[in-house]
Each structure stands twice: as structure tokens, then as C-alpha cells.
Amino acid sequence: EKPIAIAIDGPAAAGKSTVAKIVASKLSYVYIDTGAMYRALTYKALQQDQSLEDEKAMYQLLQNTIIDLVQTEAGQLVKLDGADVSLEIRNQEVTSNVSIVAQHGSVREEMVNRQRQLAKKRGVVMDGRDIGTHVIPDAELKIFLIASVEERAERRHKENQEKGFSSDLEKLKDEIRKRDQLDSEREVSPLLKADDAIEIDTTSLSIDEVAGKILSKVDAKK
Ligand code: C5P
């Protein structure tokens with residue numbers, strides 16, 4: 001069988017990365033988390049007190065930044081200029097600022113170039129916001145995952161509690177709504193379902209059910 005590219009897009013906290021990892025692992029494909037790339041750049045800029053609104057400066061910063069997505073037995077590591085920042089890029093400060101960085105056209109263009117390079121070799125599952133519409137418009141399978149804001153916030157809340165992190169459900173709902181709005185309303189490749197994407201509402205589905213649906217679509221392609 002010929003390996004394919006699977007694009008998974010959707011709003012914040014819809015379960016994209018969890019499902020993408022399972023699908024990639026079942027197919028022995030490479031998983032590419034494009035959100036982690038925007039998060040890594042945001043983290044670096046925050047560390048350097050760089051103004052996130054300044055497109056030119058952010059683009060220059062990216063030019064001098066190496067972001068590696070490293071596959072290990074224990075999962076994917078995100079390396080920023082050689083240092084492991086896998087945990088740091090998930091923090092609250094990065095999460096609530098990343099959509100500002102992701103609005104800049106020149107930053108997106110450079111990120112998309114890097115992502116296309118990674119997707120050239122098929123046998124990939126890539127998740128993000130503009131994968132099916134822009135990064136790999138010729139992906140053999142496109143999935144658009146959605147779920148209600150309430151459900152997405154509840155899932156994040158549970159996850160935080162299980163990890164022993166402090167968590168405020170109402171704040172999570174606000175943050176998710178705000179990020180969705182910025183991602184959907186930005187001028188350059190906003191969050192959008194590709195015409196040929198299959199939409200799956202995960203609100204009342206388990207992770208395994210969603211992964212199963214995607215895997216059956218992969219089978220149907222063969
Ligand atoms: O998927 P994740 O929540 O990690 O993405 C973080 C942010 O990065 C998104 O809210 C969005 O602003 C940006 N992003 C993007 N395009 C992608 C992936 C992520 O604009 N392909």
C-alpha cells in the first residue's frame with residue numbers, strides 16, 4: 001500500500017493531537033504537530049521579551065530559530081534551538097499568546113515552508129488549523145474535528161486535574177473561545193474546513209471511536 005498524508009484540522013482542544021498520535025502509531029506513520037511549532041516560537045519570543053505584535057521582529061526571530069519535532073519511544077519531543085521545551089510550550093502564557101504570533105503572514109509562510117518539507121515524504125499525520133486548506137491541499141485524507149466549547153473545556157479541565165495542575169473551567173472556556181475567534185477571523189489562512197474534508201463531531205465520541213472512524217476512512221482509500 002502506498003503511504004498517504006492525513007491532514008487533521010479543527011478548533012482548539014478538539015482532540016486533534018491525541019487522535020493524530022493514535023492514528024499515526026497504528027499506521028506506523030510520522031506525526032507532525034504544527035501547533036507545537038507556533039508555540040515554540042511564541043515561547044522563545046516571550047522569553048526574550050519580544051513584542052509578539054511586531055511582525056517583522058517575529059519573522060526575524062523565526063529565521064534564527066531551529067524547531068525540531070523529534071520522534072522518540074516516549075512520544076514526540078519539541079526542541080527549540082536544541083533544548084527540549086515540550087512541557088514549557090503548553091503553559092498558560094504560551095497558550096493564550098500563540099494566536100497573536102500565528103496571525104502574521106510572513107511567519108506563517110515560513111512555518112508552512114518548513115511543514116511542507118516535513119510532509120513531502122508521505123506516511124504522515126499532520127494536525128493544525130490550515131493543513132487541509134493550505135499546507136497539504138493534496139493530502140489524500142482530510143479530517144475536520146469539531147466539538148462544543150463546553151465539551152472541549154471539560155476535557156482540558158479533567159486532563160489538568162489528572163496532572164495535578166490548577167484549573168478553572170470558566171477560564172478554560174474563555175480561553176478556547178478567544179483562541180477560536182482569533183484563529184477563525186485572521187486574514188491569512190484562517191481555520192477553515194477544506195471542501196473535501198470529512199467533518200467529525202467528537203462531542204459524544206470517545207478518543208478511540210474517533211481514531212477508529214479515521215482509520216476506517218484510511219482503509220477505504222486503499
Ligand atoms: O494546536 P495547538 O493548540 O497547539 O495550536 C496552537 C496555536 O497555533 C493555534 O491556536 C493557532 O493560533 C496556531 N496554529 C496555526 N496553524 C496551525 C497550527 C497552529 O495557526 N497549522
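Reader: How many residues of the shell around the ligand are nonpolar, how many polar and how many charged?

Author: This is a predicted model, in which local features need pLDDT of at least 70 and side-chain atom pairs count only at pLDDT 80 or more, while totals for chains, interfaces and linings use all residues. Residues are numbered from 1 along each chain as its sequence is written. With Ala, Val, Leu, Ile, Met, Phe, Trp, Tyr, Cys and Pro taken as nonpolar, Asp, Glu, Lys and Arg as charged, and the others, Gly among them, as polar, the shell divides into five nonpolar, four polar and five charged residues.

Reader: Which helix supplies the largest share of that shell?

Author: The ligand is surrounded by 14 residues, the closest being Gly35, Tyr38, Ser99, Ala102 and Gly128, where a residue is near if its C-beta atom, placed from the backbone, lies within 6 Å. At least two shell residues come from each of α2 (34-47), α4 (92-101) and α8 (169-185), helices being DSSP runs of H or I with at least four residues, numbered from the N terminus. The largest share, four residues, belongs to α2.

Reader: What is the arrangement of α2 relative to α4, roughly parallel or roughly perpendicular?

Author: The axes, lines fitted to C-alpha atoms over the stretch in contact, lie 9 Å apart, and the helices pack at an angle of about 105 degrees, on a scale from 0 to 180 degrees between N-to-C directions. Because 65 to 115 degrees counts as such, α2 and α4 are roughly perpendicular.

Reader: How many residues of the contact of α2 with α4 are nonpolar, polar and charged?

Author: Residues including Tyr38 and Leu41 in α2 meet residues including Val94 and Val98 in α4, contact meaning C-beta atoms, placed from the backbone, within 7 Å. The residues of this contact divide into eight nonpolar, two polar and two charged.

Methods
Parallel < 35°, antiparallel > 145°, perpendicular 65-115°, else oblique. Contact = placed C-beta atoms within 7 Å.
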